[in-house]
Amino acid sequence: MSNTPVVVGVDGSDFALTATEWAADEAARRHARLHVVHANLWPTVRMPAGHYPIEFQQPLLERSKRLLDTAVAAARREQPGLEVSSALVTTTPVDLLVAESRNAQLVVLGARGLGGFAELLAGSVAIGVASHARCPVAVIRGRTADAALPTGGPVVVGVDGSPGSTPALRYAFDAASRLGAPLVALHTWLDVPVDAPRGEPPWMIDWDRVQDDEQRLLAERLAGWQQEYPDVAVARVVTRDRPVRSLLQAAGAAQLVVVGSRGRGGFAGMLLGSTSHALTYHCPCPLVVVRDT
């Protein structure tokens, strides 16, 4: 068993319990332990945490311990025999999960926590952790009353052609192999190719040649991976569309979507690219964001 854990952050919400169950399954597949953490943040007032009256601290601590115990019990029900540890820390959720990511294989959290409004599809915690974590981050959308998390579908990975997509490809092949699932390698391109001659009007561009070039680019990025993972069946998909729209469409039949944190158009200081940011808000299945750290 690996000493490096899968970490899941919980806050007492249904989203967090769903994320905990998913994290327990993932830890079992990795032969790793599961570490369940909760950030017990004191209300923001002008008083250090250690100076709160004991009669005020105690109910908050008891509530935090109860929700942490509930999550640990859910993980053990999901995967009996799994090694599960837990920690209650007084800090912010983002700070806690980013700190845990330095010694984790994977950080898992729900798409929205107790602080989210019904219209808020992904919480600020998910965006903050995906932007700063030192390991891959899985964002798990909660179940509805009549639907479970998807299983049996493919793993979908977004391939943008940049060197930064290599860690996402490795993660996606590993995940597909562990799940026994096929892999869909999806590459998209816009109406005007990046290397189009300056000033060339769209009607002068040979779109068939562009399509062939993009197919070749995807094949180059996948070269070697299928030899390393012969058990994974790979489908190559090239679309003339925007990445978010194509990935969301593919996600409808997927059990997991994997993307890099920044794409071909990302700036050096940009911690989370527009595609990964949008998918964190809208992806209907579990999403893993892999930073090129």
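The largest nonpolar core here has 47 residues, and those with the most contacts inside it are Leu-34, Val-36, Val-108, Val-157 and Val-258. By nonpolar core I mean a set of buried Ala, Val, Leu, Ile, Met, Phe, Trp, Tyr and Cys residues joined through side-chain atoms within 4.5 Å; buried is under 20% relative accessible area, exposed over 50% and partly exposed in between, with a 1.4 Å probe and protein chains only. The largest share of this core, 7 residues, comes from α5. A second, separate core of 17 residues includes Val-7, Phe-15, Ala-87 and Val-107.

This is a predicted model, so local features need pLDDT of at least 70 and side-chain atom pairs count only at pLDDT 80 or more, while totals for chains, interfaces and linings use all residues. Residues are numbered from 1 along each chain as its sequence is written, and side-chain values use heavy atoms, with hydrogens and water left out.

Back to Val-108. Leaving aside neighbours within four places in sequence, Val-108 is in contact (heavy atoms within 4.5 Å) with residues including Val-6, Trp-22, Ala-138 and Ile-140.

Now the sheet. Helices (H or I, at least four residues) and strands (E, at least two) are DSSP runs, numbered from the N terminus. Ten strands form an open sheet with mixed pairing, in the order β3-β2-β1-β4-β5-β10-β9-β6-β7-β8; strands pair if DSSP finds at least two bridges between them. What stands at the edges? They are β3 (84–89) and β8 (234–240), each with a single partner strand, so one side of each is left without a neighbour in the sheet. β8 pairs with β7 (residues 183–189) in the parallel sense over 7 bridges, and Thr-188 stands opposite Thr-239 in β8.

Two helices next. Angles run from 0 to 180 degrees between N-to-C directions, with axes as lines fitted to C-alpha atoms, for helices over the stretch in contact. Helix α1 (residues 14–30) packs on the sheet, touching strands including β1 (2–9) and β9 (256–260), and its direction makes about 155 degrees with that of β4. Helix α4 (residues 124–132) lies across β4 and β5, at about 165 degrees to β4.

Last, the rings. There are 2 aromatic pairs. Rings of Phe, Tyr and Trp (its six-membered ring) pair if their centres lie within 6.5 Å; planes under 30 degrees apart count as stacked, over 60 as edge-to-face and the rest as tilted. Phe-173 and Trp-225 are stacked, because their centres are 5.8 Å apart and their planes at 15 degrees. Phe-173 is buried, at 0% relative accessible area, and Trp-225 is buried, at 9%. Ring pairs link these two and Tyr-229 into a cluster.
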